[in-house]
Amino acid sequence: MDHFTYVDGAMLVEQVPMAEIAAQVGTPVYIYSTATLTRHVGVFREGLSQLDDPLIAFAVKANPNAAVLATLAKLGLGADVVSVGELLRAMAAGIPADRIVFSGVGKTADEMRIALEKGIYQFNLESEPEAEMLSEVALSMGKRAPVAYRINPDVDAGTHAKISTGKSENKFGIPYDRALASYAAARGLPGLDVQGVAVHIGSQLTDLAPLEAAFAKVGALIERLRGEGHDIRTADLGGGLGVPYDPSQPLPPSPADYGAMVTKVTQGWNVRLMFEPGRLIVGNAGVLLSQVVRVKQGAQAPFVIVDAAMNDLLRPSLYDAWHDIRAVQPKGERAAANVVGPVCETGDTFAMHRDMDVVGAGDLVAFMTAGAYGATMASTYNSRALTPEVLVSGDKWAVVRARPPVEALIEGDSIPAWVASKDVQD
Ligand SMILES: Cc1ncc(COP(=O)(O)O)c(C=O)c1O
Ligand SMILES: N[C@@H](CCCC[NH3+])C(=O)O
C-alpha cells in the first residue's frame, strides 16, 4: 500500500506548498491530500474486489470535514455515523441516506427519528433497550427500521485499551452468548426489520488474527440465526485496519491481505457485506503543520516548543500515540529533542527524547499521519482557536475550515445580569 510519504518538503503523492500555506493561513493548520484520499479508497476497494457490491461506509468520526466527506462522496463511499451531527454532515456532503449506517450505544429518540425520516440504510443496535426504543419511534412514524445487532465477540484486538471495543468488558455491542435471545426479542418488535449482524472490535489493528476470529463468530451466528428463521441479508464487518505511524515499525497488514482474509472467511455467507474504515482512508492523507515557537534548554534534551498543542492533536496525550515529526526544510542534522506544545499540561507532549531533524525558532514541522482523529478531536482548551484545515488537489489548495477570528475566542458565553450587577448580594 502506498502511504502519504513526505520527501524533501513535499508529499510524494501530491506536491504540497507547505511554506505558502503556512504563510497564508498561519499555523497550526491541518492539510489533507485529495490524491492520497483517492488512492486509499482505490486501494481498499481493490482489496475487496472479490466481493459482490460491498458497501464501504467511511467512519465519519475519523474526519468529518465537509470537503473531505464530499471528496469521499464523489468516490462513491457511504458513511458510518454515530450522531445526528455526523448524519447531517454526511448528507450535506452528498452521501445518500441509503449508504448510511448509524452506530453507537447512546442514540437518542430524536436522533432515531431524524435518521428514520432521512431513510438510512441500517441502524446498528447495541442493546435490547435501544431496540425497544427504536421500534417505538419507528411505529410512531408508521415505519419499520432496518436494523442489525452489533455483537460483542469478546475478542482481544491487541490494540491500545482505550480504542479496543470487542472485549466483553467494553461497552459496545450485545454479548455474543445472548445474541440468539436478543435477536428473538427483536423479531417480536413490530417497528424493526431485522436484516443483519455487525461487529467492530477496535481501531489501529496491526494483526488480522483477531479480526478473523471475530468474523468467524459472525459467520457462525448468521448460520444459527437463519436456522431460527431470521432473514439475515447484511453483515457489517466494521473498520479498524491499522496504518503505519512509525516508519521503524513493521507495516500493518495491507488492504489486499485484509480483503483476502475477508473473502475467505465470508465464503457462502450470502449477505451484502459492509465495511466502516476510517483511519485507513484518511490517516496518511493528512498532516498537521506547525511552527517552532522557540527552543528551550532541557535537562536531558532540548524542548522544541511548537505552536500546535494537545488541543489540536490529542492522540499523543490520550493514547501515548506516536506521530512522526519532520522538518519541512531539513538541515541534514538530527538530534534528540522533546517536542511540546504551549498548553499548561505536562501531557501536552508530542515526543520525548525523539531522534529527529534539528529545528530552530521559526522552522516549520509536520506531524505526519494526522488526517484521522486529528482535527475532529480538537478542542478549545486553554482558550485556543480550533485549527484551520486545508485541502490540496494537484496544484490547487483551498481553506476548507477557516481559522476563527480572535474575537471568536470570547464569543458564545453570556454573563447573567445578577453576575454583571455591581450590587453586592448576600
Ligand atoms: C463502530 C465503528 N466503526 C468504525 C470505526 C472506524 O475505525 P477505524 O478508524 O479504526 O477504521 C470505529 C472506530 O473505532 C467504530 O467505533
Ligand atoms: N480516536 C482514536 C480512535 C477511536 C476510534 C473510534 N472508535 C484514535 O485516535 O486512535
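Here's a quick briefing on the domains, a ligand site and a helix pair in this structure.

It's a predicted model, so local features need pLDDT of at least 70 and side-chain atom pairs count only at pLDDT 80 or more, while totals for chains, interfaces and linings use all residues. Residues are numbered from 1 along each chain as its sequence is written, and chains are lettered from A and ligands numbered from 1 in the order in which they are written.

**Domains**
- The protein is split into domain 1 (104-275) and domain 2 (284-410), with bounds that come from an automatic or database domain assignment.
- Taken over C-alpha atoms, the domain centres are 35 Å apart.
- Where they meet, 7 residues of domain 1 are in contact with 7 residues of domain 2 (contact: C-beta atoms, placed from the backbone, within 7 Å).

**Ligand 2**
- Around ligand 2 you'll find K61, I163, S203, Q204, R315, Y319 and Y373 (a residue counts as near if its C-beta atom, placed from the backbone, lies within 6 Å).
- Both domain 1 and domain 2 give residues to this shell, so ligand 2 lies between them.

**Helices α2 and α9**
- The axes of α2 (residues 34-47) and α9 (residues 255-265) come within 7 Å and cross at roughly 30 degrees; axes are lines fitted to C-alpha atoms over the stretch in contact, with angles from 0 to 180 degrees between N-to-C directions.
- Helices here are DSSP runs (H or I, at least four residues), numbered from the N terminus.
- The two helices are therefore roughly parallel (angles under 35 degrees).
- V43, F44 and G47 of α2 meet P255, A256, Y258 and G259 of α9.

Note on methods: Angles under 35 degrees count as roughly parallel, over 145 as roughly antiparallel, 65 to 115 as roughly perpendicular and the rest as oblique. Two residues are in contact if their C-beta atoms, placed from the backbone, lie within 7 Å.
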